[in-house]
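Below are my notes on the model, as numbered points. Please read them beside the sequence and the coordinates.

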Amino acid sequence: MSTAATSVVCVDFGSTFTKAALVDLATGDLLASASHPTTLPDAAGDGDVLDGYDACMRALTEQDPRAPESDVLACSSAGGGLRIAVVGNEELVTAEAGRRVALSSGGKVVLVLHGGLDADKLVALRQAEPDVVLLVGGTDGGNAEVLEGDAAFLSAAPWAGPVVVAGNVDSQPLVAELLAESQTPYVLADNVVPRIGVLAPDSARRAIREIFLSHVIGGKHLSSRTDSRGRAFTDLVRGATPDVVLTGVELLARGLDDEHPGAGDVVVVDVGGATTDVHSVVELDPEESRLAREVVATTPVTRTVEGDLGMRWSAISTVEAAGRDDLHVAAVRRREQPDLLPADAHERDADLEIAAAAVRIALERHAGRSKVVVSPEGRVVERSGKDLREVDLLVGSGGVLRHGGPDAVRRVLLPATGDAFEGGWQLPRDPEVVVDRDYVLAAAGLLAEQHPLAAHRLVRRLATAGDRLP
């Protein structure tokens with residue numbers, strides 16, 4: 001067996017850091033890991049996203065000589081990640097469904113429009129600068145006017161960027177014809193709302209991934225060279241980082257089969273400099289999920305992105321959302337110095353307090369509330385988000401947790417758990433808590449399709465982690 005077949009390098013090209021891990025395909029063991037600041041091209045044309053990758057490869061090679069000859073699988077959120085604009089019929093149904101699907105596809109939703117495109121909305125769409133437009137609208141066999149009108153408007157504009165069409169399937173032949181006339185790149189997917197009360201994201205997620213790989217990665221012009229083995233950046237990347245991480249979370253929760261089980265219901269909260277992401281895989285109980293007032297159904301796999309919660313660029317809005325006036329000065333310093341590293345106990349305390357606020361608020365927004373209401377059907381439980389109360393495992397990610405030690409876990413993650421929250425918040429009651437210190441979720445997500453057994457063995461590290469807290 002060749003060296004290349006025994007191990008794989010998994011790379012995450014991040015917005016600030018590029019991370020790499022060398023994984024043994026036979027055992028799923030993490031053989032080596034490395035990280036380096038991500039370098040993006042500047043106005044003068046200097047810099048290349050592969051600079052950080054090369055530095056990581058050198059570090060991996062120092063730890064294990066198999067690294068240079070190993071295959072490489074990569075994901076990327078560099079250069080702003082995947083920016084998605086959603087265009088739908090109406091705000092509460094198809095536009096909201098499209099927003100949820102865009103988030104679960106690893107995108108950053110930069111704009112949501114509804115009610116039919118016009119000149120003013122086109123201006124807003126151009127200003128948002130999306131990488132992809134997700135065009136949705138109408139249930140299958142239902143309203144076709146707005147979806148077809150939006151396609152005609154984009155064709156006449158014309159709109160040059162790629163479009164994923166995931167609306168009324170009866171309208172798709174006409175929509176495809178209209179977009180083809182203006183040479184607008186497009187991919188057709190199944191309707192995200194085939195009927196009221198049903199959300200079907202999988203086909204649209206695959207289509208967005210296809211667009212990301214075929215049009216977005218190369219279009220960002222993050223690299224103009226190849227690595228030591230002649231591979232371009234576009235050859236290495238297999239998906240958007242949040243999409244890949246969510247695949248890793250699904251594998252962690254569900255496992256492969258009875259012989260390779262999952263950890264049960266899982267929620268992951270990733271605290272970054274600008275955003276705090278929450279990924280959850282929670283199998284829904286039909287008896288408990290009585291969401292008659294929600295026309296867009298809840299799905300087991302969910303991702304939310306809180307663009308106002310973060311450790312550096314979003315520090316000010318984080319402490320404002322938490323009502324922590326005492327942290328305002330520290331937040332301003334972090335917004336002005338996003339590369340700040342805590343140099344003393346006071347600065348470390350401030351980081352942990354800001355992180356705790358970001359985690360708690362992000363989980364509250366993801367989980368929502370539950371309350372008993374009286375309806376024509378009698379007393380029912382009305383929920384506004386994803387019920388996380390019975391989650392088995394809470395995983396924390398982000399530099400503040402990876403480098404903060406057990407004290408960071410206790411101060412940042414544990415305060416967001418328990419069963420005594422006022423207001424009906426559906427937060428995890430009694431999960432086991434662990435930190436993804438080695439970025440194994442992204443690596444497992446990259447490995448899942450081609451090397452599922454190695455991916456499962458790798459991600460199970462989190463379910464059996466030695467630093468898990470009771």
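Is glutamate 353 buried, partly exposed or exposed?

1. Glutamate 353 has a relative accessible area of 26% and is therefore partly exposed. The classes used throughout are buried (under 20% relative accessible area), exposed (over 50%) and partly exposed in between, with a 1.4 Å probe and protein chains only. Glutamate 353 belongs to helix H11, residues 345-367. Helices (H or I, at least four residues) and strands (E, at least two) are DSSP runs numbered from the N terminus. Not counting residues up to four places away in sequence, glutamate 353 touches Arg324, Leu327 and Arg411; contact here means heavy atoms within 4.5 Å. Proline 415 is 62 residues from glutamate 353 in sequence, with a C-alpha to C-alpha distance of 11 Å.

2. On the basis of these notes: the model is predicted, local features need pLDDT of at least 70, side-chain atom pairs count only at pLDDT 80 or more, and totals for chains, interfaces and linings use all residues. Residues are numbered from 1 along each chain as its sequence is written, and side-chain values use heavy atoms, with hydrogens and water left out.

3. The protein chain contains 15 helices and 19 strands. Its radius of gyration is 22 Å, close to the 23 Å given by the globule rule for 470 residues, so the chain is as compact as a globular protein of that length. The radius is taken over C-alpha atoms, and the rule is 2.2 Å times the number of residues to the power 0.38. Along the principal axes, the C-alpha atoms fill a box of roughly 60 × 55 × 50 Å.

4. Of the 470 residues in the protein chain, 51% are buried. Among contacts with a separation of 6 or more, 68% are between residues 24 or more positions apart. The accessible surface is about 20,100 Å², and carbon and sulfur atoms hold 49% of that surface; areas come from the Shrake-Rupley method with a 1.4 Å probe, and for residues only the protein chains shown count as cover.

5. Side-chain charges in the protein chain number 45 positive and 71 negative, and the centres of the two sets are 3 Å apart. Lys and Arg count as positive and Asp and Glu as negative, while His and the chain ends are not counted. The place of a charge is NZ of Lys, CZ of Arg, CG of Asp or CD of Glu.

6. The largest nonpolar core has 46 residues, and Phe13, Leu134 and Val192 have the most contacts inside it. Helix H6 (residues 202-219) supplies the largest share of this core, seven residues. A second, separate core has 35 residues, including Val8, Leu30, Leu441 and Ala442. A nonpolar core is a set of buried Ala, Val, Leu, Ile, Met, Phe, Trp, Tyr and Cys residues joined through side-chain atoms within 4.5 Å.

7. Histidine 279 lies in strand E14, residues 276-281, and is buried at 2% relative accessibility. Leaving aside neighbours within four places in sequence, histidine 279 is in contact with Pro242, Val245, Leu246, Val249, Val266, Val267, Val268, Thr302 and Arg303.

8. Isoleucine 316, in helix H9 (residues 315-322), is partly exposed at 24% relative accessibility. Not counting residues up to four places away in sequence, isoleucine 316 touches His328, Ala331, Val332 and Arg335.

9. The peptide bond from alanine 157 to proline 158 is cis, with omega near -15°; proline 158 is in the loop between helix H4 (145-156) and strand E8 (163-165). Glutamine 183 is not a glycine but has a positive phi of about 60°. Glutamine 183 sits in the loop between helix H5 (172-181) and strand E9 (186-188) and is exposed, at 72% relative accessible area. Histidine 221 likewise has a positive phi, near 55°; this residue is in the loop between H6 and helix H7 (233-236) and is exposed at 62% relative accessibility.
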